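User: Hello! I am new to protein structures and would like to learn how to read one. Could you walk me through some features?

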Amino acid sequence: MLDAVAEQIHIGMSTEEIDKIVYDVTTKNGGIPAPLHYQGFPKSVCTSLNNEICHGIPDKNIILQEGDIINVDVSTILNGYFSDASRMFKMGKISERAERIIKVTEECVELGLAAAKPWGHLGDIADAINTHARANGYSVVEEIGGHGIGLQFHEDPFVSYITPKGSEMLLVPGMMFTIEPMINEGSPDFFIDEKNDWTVYTIDDGLSAQIEYMVMITEDGVEVLAK
Ligand code: MF3
Ligand code: CO
């Protein structure tokens, strides 16, 4: 799904066209877009631009412009199982600020993944992410995080990316959850769109980036199931 988006995303298209690609490719392959009608969400994918942290709603009037950065977050139901993954896309030439926040977010997710081990703790992942984000002058969104996933979209546990090493749930083989930190330029605080009740914006209008891997803890490591 994300590869299909990567091939087709371009300057001048609306985010609603991204929604159409996701709906069509998902349903043609026998899947169901998990976001569609999830707690009233109106579309098949989340598209979050620039100062939007997450849960952006595709819209025919939102046109991708040169310099935009956008997170496309795809979740699919297939044969009763849920998947969830997101990537950042760069529209043409982007600012150095935008390049840097995407690069550091990629590094954060990879460091989080490297810290995920059977019989470790969720906090090990969070600490690796938070430490790297802060060292680069960024903050990590606190109240919104990752989640267990499998037979439901959002299962226990809530996955924080700000908790200390050695804290939170024990990582046991077979556990599936997401690594999806939201990294902000300035404050970690946010507000939610009053009109649509979904889109989450940075409180200070700074840029925000997010990358999501869906992972499974195995007997001897961790497997990336979707990215
Ligand atoms: N895909 C998001 C996540 O990573 C959840 C989106 S909920 C929706 O958890 F309703 F906005 F789609
Ligand atoms: Co998720």
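Predicted model: local features only at pLDDT ≥ 70, side-chain atom pairs only at ≥ 80, totals over all residues.

User: Let us begin with the ligand. Which residues are closest to ligand 1?

Analyst: Ligand 1 is surrounded by 14 residues, and the closest are Asp 84, His 147, His 154, Glu 180 and Glu 212. Three of these names come back when we look at polar side-chain atoms and oxygen atoms of the ligand. For Glu 180 the distance is 2.7 Å, for His 154 it is 2.9 Å, and for Glu 212 it is 3.0 Å.

User: How much of the accessible area of ligand 1 does the protein cover?

Analyst: On its own, ligand 1 has 330 Å² of accessible area, and the protein covers 96% of that.

User: Now strands. What should I look for when two of them pair?

Analyst: Here is the general idea: the strands of a sheet pair through backbone hydrogen bonds, and the pairing is either parallel or antiparallel. Take strand E7 (residues 146–148) and strand E8 (residues 155–159), which pair in the antiparallel sense over three bridges. One pair to find on your screen is Gly 148 with its bridge partner in E8, Glu 155.

User: How many residues lie between E7 and E8 in their hairpin?

Analyst: Six residues lie between E7 and E8 in that hairpin.

User: Can we try a strand with two partners? Which strands pair with E14?

Analyst: On one hand, strand E9 (residues 176–179) is joined to E14 by four bridges, and the two run antiparallel. Within that pairing, Thr 178 is opposite Met 214 of E14. On the other hand, E14 pairs with strand E15 (residues 222–226), again in the antiparallel sense and over four bridges. There, Met 216 has Glu 223 of E15 as its bridge partner. E14 and E15 are also linked by a hairpin of four residues.

User: Why is E14 described as largely enclosed?

Analyst: Count its buried residues. Strand E14 (residues 213–217) has five residues and four of them are buried, so the strand is largely enclosed by the rest of the structure.

User: What is the strand order in the open sheet with three strands?

Analyst: The order is E6-E10-E13, with antiparallel pairing. Strand E6 (139–140) and E13 are at the edges with a single partner strand each, so one side of each has no neighbour in the sheet. Two bridges connect E6 with strand E10 (residues 182–184), and Val 140 is opposite Ile 183 of E10.

User: Let us zoom in on one residue of E13. Is Gln 210 buried or exposed?

Analyst: For this, we read the relative accessible area. Gln 210, which lies in strand E13 (residues 208–210), has a value of 2%; because a residue under 20% counts as buried, Gln 210 is buried. Its side chain reaches the backbone oxygen of Glu 180 at 3.0 Å. Leaving aside neighbours within four places in sequence, the contacts of Gln 210 include Cys 54, Asn 71, Arg 87 and Glu 180.

User: You mentioned a cysteine. How many disulfides does the structure hold?

Analyst: The structure holds zero disulfides. For Cys 46, the nearest cysteine sulfur is that of Cys 54, 7.4 Å away. Cys 46 is buried at 10% relative accessibility, and Cys 54 is buried at 4%.

User: Could we finish with a helix? Where does Thr 26 lie?

Analyst: Thr 26 lies in helix H2 (residues 15–28). Thr 26 is buried, with a relative accessible area of 4%, and its side chain reaches the backbone oxygen of Val 22 at 2.6 Å. Beyond its neighbours within four places in sequence, Thr 26 touches several residues, among them Met 1, Pro 33 and Thr 76.

User: And what about Glu 17?

Analyst: Glu 17 is also placed in helix H2, but Glu 17 is partly exposed, with a relative accessible area of 38%. A polar atom of its side chain lies 3.0 Å from the backbone nitrogen of Ser 14. Finally, compare sequence with space: Glu 17 and Ile 63 are 46 residues apart in sequence, while their C-alpha atoms are 9.5 Å apart.

Definitions and conventions: Residues numbered from 1 in each chain as written. Chains lettered and ligands numbered in written order. Heavy atoms only, no water. Buried < 20%, exposed > 50% of the residue type's maximum accessible area, 1.4 Å probe, protein only. Polar contact = N/O pair within 3.5 Å; in protein donor to acceptor, adjacent residues only side chain to side chain. Contact = heavy atoms within 4.5 Å. Disulfide = S-S within 2.5 Å. Near = heavy atom within 4 Å. Areas by Shrake-Rupley, 256 points an atom, 1.4 Å probe, with all protein chains shown as cover. Pairing = 2+ DSSP bridges.
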